[in-house]
Number of protein chains: 2
Amino acid sequence: MENRIQSWITTVSLSRPTLGDNTADADRLVIKLKKQLRTNQIDIDLLLLKKLPDILRSCNYSVNCILFKNYEHWILTGITSPNDPSLITGMAVDLGTTRVVIRLIDLVSGDFLFESSFDNPQIPIGPDILTRIHYADTLQGLEELNHLIIRKLNTEISAICQSCKIRTENIYLMAVAGNTAMTHLFMGIKPNFMIREPYIPVVNTPDTMETEKLGIHINPSGRAFVFPNVGSYFGGDLVAGILYSQIYQKEETAILVDVGTNAEVVIGNNNWLIACAGAAGPALESGVAEMGMMAAPGAIDKVTIDPETLTVTAHTIDNAPPIGICGSGVIDLAAQLFLSGVVDIRGKLNPSIAGSHVKKTDNGLVFIVTPAKESGTQTDLIINQADLDSLSRSKAAMYTILETISASVGINLSELATFYVAGTFGSFINPRSAISIGMLPDLPLEKYVALGNSSLGGASMLLSDRSAMDEILKIKDRITYMELNVNQDFMNRFSAAKFFPHTDPSLFPSVKIHSGNQAKPV
Amino acid sequence: MENRIQSWITTVSLSRPTLGDNTADADRLVIKLKKQLRTNQIDIDLLLLKKLPDILRSCNYSVNCILFKNYEHWILTGITSPNDPSLITGMAVDLGTTRVVIRLIDLVSGDFLFESSFDNPQIPIGPDILTRIHYADTLQGLEELNHLIIRKLNTEISAICQSCKIRTENIYLMAVAGNTAMTHLFMGIKPNFMIREPYIPVVNTPDTMETEKLGIHINPSGRAFVFPNVGSYFGGDLVAGILYSQIYQKEETAILVDVGTNAEVVIGNNNWLIACAGAAGPALESGVAEMGMMAAPGAIDKVTIDPETLTVTAHTIDNAPPIGICGSGVIDLAAQLFLSGVVDIRGKLNPSIAGSHVKKTDNGLVFIVTPAKESGTQTDLIINQADLDSLSRSKAAMYTILETISASVGINLSELATFYVAGTFGSFINPRSAISIGMLPDLPLEKYVALGNSSLGGASMLLSDRSAMDEILKIKDRITYMELNVNQDFMNRFSAAKFFPHTDPSLFPSVKIHSGNQAKPV
């Protein structure tokens, strides 16, 4: 069955009131809307109610109604004349810890009108979410963090409106997807209990709110929907991702992974969904000590190493002189080092193979990725053993989580129909490299699908297609969160997965282990 | 079946979150409340959500929840500790055109804690509602009227809180009953189209609103319910009256009448309700030209006339020297004048019987009620022929409306089980007098029941008993508004009803027409 896209705008033509049919304006409108939308309750925003009689009369009782929902419950948030040429828009927001992305959407056509992004203004208070959660321990700290994000969003909204030549009043709806802590901070709600046993958020399923109450300046009758989270470590951004990936609609079982400092995973199909999350450490997000950096101009994002000459070819973002390495670069680099034998299956640098490409420093062995003379920093860009150890723990955590969740439902990773990798970072990972180091399972490459910003994608879907609200409800109801029990079994799997690609190479048949480099007894 | 009174407060004891049961605070609370209240959606006010985690923990997960409803849809508006000794209260408001009455109610026990009233602060702009509706033609006028009532309510609320030694935060709910124009002005909504064909209000069924948005300063998460109106001329005050009278629950058909400048009538039983309203003119509310006044000290409220001597005995409010006559007094006076033969069945003063009690003035014949030497004004208090003519039109309109509505459902007025008279004015009318002049039907006196302030009574019921919300929904759904068609048939009835008591005396067998006073051919 094909899903027809249904916008949040409903056109209604009311019969004009007469002496024989003198139902009040609002009741007349609501009765008609209830019939058209097949619902039994529609709330009207009070501000809108005040404007209603004049709008209805000036439009001769034919109007466009902009609606939104608090799950099953409709709210009328705007009424415009069919002759009004102004755009009717909504704003999808991916509320990232690091980066916030806004997309302006035409609610009539579903077209994307504009996209812009900015660094999360809370970063100066704490680059990582944990620091921010601690900072929000006091009401003052919470309010400061809240005001930072709200103010910046308002500034950005103004700028977008100027670029698109619309007024803020033309933005009626807002869909916000973010991790649990970020959405708590956005709503001004304490995230503090999330990091204290038993680690619970204040709210998993916030009601659709008035943007005015959130301090967001769009249409004064505007409403914001914040994607529900499944728990402290599985946020609305992932729920938006599930919506976007549509794994919940398919018969075949698929997996969706968001790779980052936390690895969030959901596995399932049109019958069930199991989610879990676990710490993978910062290494996968380029949190390597020596040369790690965010994806930005000059960051090495792709690496190849000639297995014969060990010559490193590094691609950088914008082809700028290399100044560091980002997440996808690190995974490429580790894979290439391993495949060329420079790193052994224990993840250790092997000087007997690396030759002059490694040097000894006070911090032990390091591998020179870009020598000083070619680098943008005039110093050697290097990766050290500690970085590699950290990476091996991170990739092992990632793989162990995948193994554990699939084992919990009796499914072998090889049986998965599709392996979705979410997030901007996911889009840049070379799955071949991730497989080579044993971070992702050894599936045919065509099974890997990069979703891009699936959080923004899901938020956008909700604004373009009102039926998505029901889908979110389905996802929310269907999803089971599995607590990752870090027990002996998990630790055993983890220890095995720390090897490159794994202690059991039969799990990674496509990965060719360098002849001169076999595991030595530890 | 006995109806158990259910308060708006629900005590919940939640299981404490654990690692094995880490549902978020809000979701944990809502799941439990949904189960206890047997509903599938409960909204939480955002301000409350922010305070939730600390309240839950400080109360060890056992709390009192203060809820309210937007018809079928629940809203959580307050959470308190069971150990908090503060009162949890609500405020019932009778929003009269002339007088506003507030009653503070203990939401736990349903007890009435305090009552106070004040003149509607909009009176200086227009004593009657029509003038105010015209004044609200401009946005500025509308806002001025709105601010007047809101400001005065806030002042009064502060004063009540001081008297009762509570904080405004201890008031969580508000139930407002008023006529359609008054509730529109209270919500800041244009009433203007109500007086232009086809005479429709903006809204019949307002959603339960945030008091904050209305500008009312009670608990910042407080909610206000405004009783729905049936139409421009049949307001929420009457719907509250129906709730209070309980005629919608009884098997026997009864009638409820609010006597005033507008006569609002509802007839029905537990199966159906028919409502109508019509202009009765100001005469019934003491809008008589010469000596009419509001019920206040010095107003004559009861009159007897010795049929032999024609001596007038007038009772005044507070036994003050008479300075005028109020509505109930006018009806008594007219009845006594008629029964003593001073006024004939056409409603005309009969000088041949009245003798020295009438005198001729430039305005025609007048009857002296209180001579100058006994009056508080040092002038004769008189009623003139024009006043009597106006009264005869008003009482005829009242009776014709009653006849028409009962005829429309094929019921004879004599078949009514109970005749409820609503309103403060209704409480003071002597039914015997009203029957004598043919304003009310000639039923056994025990069938007449004065309801007092049924608007305030209904609003109070809603606050003491949450099941009343469902009853309001039932009333709203069951009621049919009948447009009073002023056709030839109506005019014929009206002409007959202008006589004292009626052209057909068989309709008023209990009224003894004075022997010396029979109708002369007109």
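The model is predicted, so local features are reported only at pLDDT of at least 70 and side-chain atom pairs only at pLDDT 80 or more, while totals for chains, interfaces and linings use all residues. Residues are numbered from 1 along each chain as its sequence is written, and chains are lettered from A and ligands numbered from 1 in the order in which they are written.

Helix H2 of chain A covers residues 46-58; helices (H or I, at least four residues) and strands (E, at least two) are DSSP runs numbered from the N terminus. Its 13 residues reach 19 Å from the first C-alpha to the last, close to the expected 18 Å, where the expected span is 1.5 Å times one less than the number of residues. The helix bends by about 50° at Leu52(A), and Pro53(A) follows within four residues. The bend at a residue is the angle between axes fitted to the seven residues ending there and the seven starting there. After H2(A) comes Asn60(A), with a positive phi near 55°.

Which residues of H2(A) are buried? They are Leu48(A), Leu49(A), Lys50(A), Leu52(A), Pro53(A) and Leu56(A). A residue is buried if 20 or more other C-beta atoms, placed from the backbone, lie within 10 Å of its own, exposed if 12 or fewer, and partly exposed in between. The cover over these residues includes helix H1 (25-37) and strands E2 (42-44), E3 (62-70) and E4 (73-80) of chain A.

In chain B, H2(B) also has 13 residues and reaches 19 Å between its end C-alpha atoms. A kink of about 50° lies at Leu52(B), shortly before Pro53(B). Leu48(B), Leu49(B), Lys50(B), Leu52(B), Pro53(B) and Leu56(B) are buried, and what covers them includes H1, E2, E3 and E4 of chain B. Just after this helix, Asn60(B) takes a positive phi of about 55°.

H2(B) also takes part in the contact between the chains. In total, 38 residues of chain B are in contact with 38 residues of chain A; contact requires C-beta atoms, placed from the backbone, to lie within 7 Å. On the side of chain B that touches chain A, the elements giving two or more residues are H1, E2 and H2 of chain B. H2(B) gives the most, with five residues. Lys50(B) lies in this helix and counts as buried because it has 21 C-beta neighbours inside 10 Å. Leaving aside residues up to four places away in sequence, Lys50(B) touches Gly188(A) and Ile189(A).

A further feature is the packing of H7 against H14. In chain A, the axes of H7 (residues 236-245) and H14 (residues 467-478) come within 10 Å and cross at roughly 115°. Axes are lines fitted to C-alpha atoms, for helices over the stretch in contact, and angles run from 0 to 180 degrees between N-to-C directions. H7(A) and H14(A) are therefore roughly perpendicular; that term covers 65 to 115 degrees, with under 35 roughly parallel, over 145 roughly antiparallel and the rest oblique. Val239(A), Ile242(A) and Leu243(A) in H7(A) meet residues of H14(A) that include Ile472(A) and Ile475(A).

In chain B, H7 and H14 pack at an angle of about 115°, with axes 10 Å apart. Here Val239(B), Ile242(B) and Leu243(B) meet H14(B) residues, among them Ala468(B) and Glu471(B).

Note on methods. Two residues are in contact if their C-beta atoms, placed from the backbone, lie within 7 Å.
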